There are 2 protein chains.
Amino acid sequence: MPTRPTLAHVARHAGVSLASASRALNGASASEDMIDRVRNAAVELGYVADATARSLKVGRTEQLALAVADLGNPVYVSMMRAVERTVRAAGYRLVLSSTGADTAEELAILRSLGHGYADGLILSPLRITDELTAALVNTPVPIVVIGNIPAKIPVDNVRANSPRGVALAIDHLKSTGRRRIAFVNGPLDTVPGSARARGYEAAIESAGLPLDPRLQVLATEFTHEAGEAAAADLPHNRYDAVLCANDLLAVGVMRALTRIGVSVPQDIAVVGMDDTELAELCTPTLTSVNLGSERRGQLAAQLLLERLVDRERAPRRSAVQPKLVVRESSAKRQRPARR
Amino acid sequence: MPTRPTLAHVARHAGVSLASASRALNGASASEDMIDRVRNAAVELGYVADATARSLKVGRTEQLALAVADLGNPVYVSMMRAVERTVRAAGYRLVLSSTGADTAEELAILRSLGHGYADGLILSPLRITDELTAALVNTPVPIVVIGNIPAKIPVDNVRANSPRGVALAIDHLKSTGRRRIAFVNGPLDTVPGSARARGYEAAIESAGLPLDPRLQVLATEFTHEAGEAAAADLPHNRYDAVLCANDLLAVGVMRALTRIGVSVPQDIAVVGMDDTELAELCTPTLTSVNLGSERRGQLAAQLLLERLVDRERAPRRSAVQPKLVVRESSAKRQRPARR
DNA sequence: TTGTAGGCGTTATCAG
DNA sequence: CTGATAACGCCTACAA
C-alpha cells in the first residue's frame, strides 16, 4: 500500500498552488482552465481528500453516532436501519455502539463523545436514570433521545405513545369479545416497561373492564424465554386474552400456552407490541401494536440533522402514533369458549 | 455549547509547555509532579483529547468499518453483534454501512475508504463479482472479506462451510428415515446460493439418495415471503423432507405447508440454515444448520486487528465448521406416513 | 525531565 | 482569479 497522494501532490502535478487546487476541487471560485487541470491531475494521481484532515479543519466529522441497548433486538434493528438510511442520505457516516442495557456504558458513551469523533448522537436508552438525564444537559455535541425523557430536560426527543398503543390493543380485544385481559410486562424500571404498565391500568379502566392485579405479571426481561416463564404466573382459567409488552414476550407466552394445550386464539387471544418482523413469522401470526420503531429512528435522525444546522433552536419533541396490526392471534372465537 | 478546551489550555492552566502536557497525559517520560499537575489541570478544565487531531497526527482513525448487505437480516445481526464486541474491546469504533445487496454500493464503499475514515474494513458481500474482486486487490486500507472469495485473491477471508453444512442436514434427515429430500434455495448468483446448491447435489449423491431435479426449487430472495411462494413449486407427494437455504425460507415453507394441511414434522420434515434466533421462535421450532455467523464475525474482526499490526504477513483464510442443531421440525415420524 | 518548533493534510484569509 | 500563509489540535523529534 503506497502512501496516498495529498493535495500538495495534485497541486504540483497540475502546476498550480495548493490553495488553487483546493478551490478547484471544492467548487470555489476558479477559472474553467484551472478546474480542468486540477481535476485531471487529481484523477491521474487517484487523489481522494483525507477525511481526517478535512474534519480537523472544518470542525465537522461528518459522522453521527447511534447507541442502542441491544443490537440484536428486532425493535432496535428496524430503528437502526431507518437511522442508517436517513443519516447516509444526508452524507453522514454512522458510528454504532451497543451499550448492553447498561447505564454505565451509556454514560461512558456520552463522555467519549467529548473526543469529538461524531457531530451528534442518537441515544435509545433502556433505562432513563437521574444520572443519565443529568449527563444529558451539557453535552459536547447535540443529542437526540429516543424514549420518555422527562419534559424538563432540554433535549430533542422522539417517543412512542405506549399508553395509547396499549389502549388500542385493549379496545380491540374488548371489541372481539374478550373480557378478562391479562398483561405480561417486562421490568418496570425500563422505559417501555413503566410506560406500558401505566397504559394498561388506564386502558382497562377506561374500557370499563375489571382491573384484577392477578392478571398483571412481570417477566424478568423482554425476551421470549422470560415470556414463556412468566406465562406460568398467569392465573389459570381466569383470563381470555393476554397483552404482552413486546413481541418477544408474546411469542414466549404463545409457546407456553400451546404447550399446555391451550389454543390461540380459540381459547385465549394474544397480542404483542412493537410489530416486529417476528409477528409475521410466528404461528399463529401475531396481532401487534406498531409503535413506529422505524419511524422513530427516522425522526430522530431528522431531528439531529436539523439541530446540526441550527444549534440554537428550542428542543423539539415528537411523538409517533401507534397503529394496531390485527393478525391471527386475536381472531374472534368461532363459538363460545368451552373453558 | 462552549468551545472545548484544547491541550494548549491545559498546558497554560498547569503552567507547563504544550509538549509536557501531551507527554504527561500519554504516559511518556515525565516527572511525578508534572503528571499530577497536568492531570489535575485536565480534569479541572474537563479536557478530552480531540480524536480528529490525534488521528491526523498519528495516521490512525481508531475506526473500523463494517459493510453488510442487509442490516435487518438476522444472520447479519449476529455477525454485527460479534464484530461490534470484538472491535470495541480492541479500542476501535465501528462504522456501519448497509449496502442493500447492491454491488455498486459495495464498490462505492470500497472507493470511499480512500478518504481514510477507517483503518480497515470488514465486507460481507451477498454477491462476489469480478468487478468486486478486482477492486479488492489494491485497497487503501486492509480488508477482510466474509464469504467465498476466489482463492487467488490475496485478501484475508473468513468463510462458512456450506457444503459441509448441507451434508450434515441431509445425513440427519436420512438417518431419521427421510428419503426424498427437496431443496429450496435462494438466488444462485449469490454467495450462499451457489455454495449451497453445489453442496446439495454432492450431499444427496454421497448419501446414496436419488437426485431428482424436480426437488430443487429456487426462491427469488432469501425471505420468508419468497420461501412461502417457492413452496408451491415443490412436487406434491413426491418428497418427505425439505432443506431450505436459510431460516427465513424455512419459515416460509413451513407456513405454506401448514396452510395446505401438511403437518411438520409428521408428514414432512423441514430444516433451515444459519440457525438464527428465529429457529427457536417459530412453531414448530426449526432444526437448523449453524454456520457460525457469530463466530465468523468475531474471526473477521480478529483477522483485521491482526492485520493492522502486521501489514506484511500473507493473507489468512479461515473457515468455520457448521454444526447441526436439531429441533422439533425434523423429529422422526411417530408411525409410517399416511401420505 | 522539560521546552521549542515543525508538520500531519486541509481549508480559509489575505494580498496581489 | 490566483498564490502565499496561517491556522485546526495534536504528537514528537530535537535541543536545552
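Mentor: Let us begin with A:Pro265, which sits in the loop between α11 (247–259) and β9 (269–273) of chain A, where helices (H or I, at least four residues) and strands (E, at least two) are DSSP runs numbered from the N terminus. This is a predicted model, in which local features need pLDDT of at least 70 and side-chain atom pairs count only at pLDDT 80 or more, while totals for chains, interfaces and linings use all residues. Residues are numbered from 1 along each chain as its sequence is written, and chains are lettered from A and ligands numbered from 1 in the order in which they are written.

Trainee: What is the peptide bond from A:Val264 to A:Pro265, cis or trans?

Mentor: That bond is cis, with omega near 5°. In chain B, the bond from B:Thr283 to B:Pro284 is also cis, with omega near -5°, and B:Pro284 belongs to the loop between α12 (278–281) and β10 (287–290).

Trainee: Which value does phi take in A:Glu62, and is that residue buried, partly exposed or exposed, and why?

Mentor: Burial is read from the other C-beta atoms, placed from the backbone, within 10 Å of a residue's own: 20 or more make it buried, 12 or fewer exposed, and anything in between partly exposed. Phi of A:Glu62 is near 60°, a positive value in a residue other than glycine, and A:Glu62 is partly exposed because 16 other C-beta atoms lie within 10 Å. B:Asp275, in the loop between β9 (269–273) and α12 of chain B, has a positive phi near 50°, but B:Asp275 counts as buried because it has 28 C-beta neighbours inside 10 Å.

Trainee: How do helix α2 and helix α3 of chain A pack?

Mentor: Two packed helices are described by the angle between their axes and the distance between the axes. The axes are lines fitted to C-alpha atoms over the stretch in contact, with angles from 0 to 180 degrees between N-to-C directions. Helix α2 (residues 18–26) and helix α3 (residues 32–45) of chain A meet at an angle of about 90°, with their axes 9 Å apart, and are therefore roughly perpendicular to each other, a label covering 65 to 115 degrees. The contact, meaning C-beta atoms placed from the backbone that lie within 7 Å, involves residues including A:Ala21 and A:Leu25 of α2(A) and A:Ile35 and A:Val38 of α3(A).

Terms used: Angles under 35 degrees count as roughly parallel, over 145 as roughly antiparallel, 65 to 115 as roughly perpendicular and the rest as oblique. Two residues are in contact if their C-beta atoms, placed from the backbone, lie within 7 Å.
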